[in-house]
Amino acid sequence: MAAPKKYPDELRERAVRLYRESDPKPVIRQLARQLGVHHEALRNWIRQDEADRGQSDDRPTTSELEELRRLRRENAELKRANEILKAASAFFASELDPTRRRS
């Protein structure tokens, strides 16, 4: 389960839109202080918005991040299933072994 978000999505969208539509671009620290958010949070939101718009190649887009999370969950689930199957295989192989002593 994901941790609860510190800032609501509406605030994030408004802050990014305000930054994007401003000319000249405001200083991120000052804008963050005015909005009551941490400056690094605002900086990350802006960078992610730029990646989503194709303006920046230094980070994956939101859809790529969601796909990566989904694939990691799926991979972990498949690994768990594989371990269960290995254990079951070893159990049944030992049951079928004719050289095994029975008590």
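How many positive and negative side chains does the chain have, and how far apart do the centres of the two sets lie? Then, as the part to look at closely, which residues have the most contacts inside the largest nonpolar core?

Reply: This is a predicted model, in which local features need pLDDT of at least 70 and side-chain atom pairs count only at pLDDT 80 or more, while totals for chains, interfaces and linings use all residues. Residues are numbered from 1 along each chain as its sequence is written, and side-chain values use heavy atoms, leaving out hydrogens and water.

The chain carries 23 positive and 19 negative side chains, with the centres of the two sets 6 Å apart; Lys and Arg count as positive and Asp and Glu as negative, without His or the chain ends, and each charge is placed at NZ of Lys, CZ of Arg, CG of Asp or CD of Glu.

As for the setting, the chain has four helices and zero strands (DSSP runs of H or I with at least four residues, and of E with at least two), and its C-alpha trace spans about 85 × 25 × 20 Å along the principal axes. Of the 103 residues, 20% are buried, that is, under 20% relative accessible area with a 1.4 Å probe, counting protein chains only.

The largest nonpolar core has 14 residues, and Y7, V37, L42 and W45 have the most contacts inside it; such a core joins buried Ala, Val, Leu, Ile, Met, Phe, Trp, Tyr and Cys residues through side-chain atoms within 4.5 Å. At least two residues of this core come from each of helix 1 (9–21), helix 2 (28–35) and helix 3 (39–52). Leaving aside residues up to four places away in sequence, V37 touches Y7, L11, A32, L42 and W45, where contact means heavy atoms within 4.5 Å.

Terms used:
Buried < 20%, exposed > 50% of the residue type's maximum accessible area, 1.4 Å probe, protein only.
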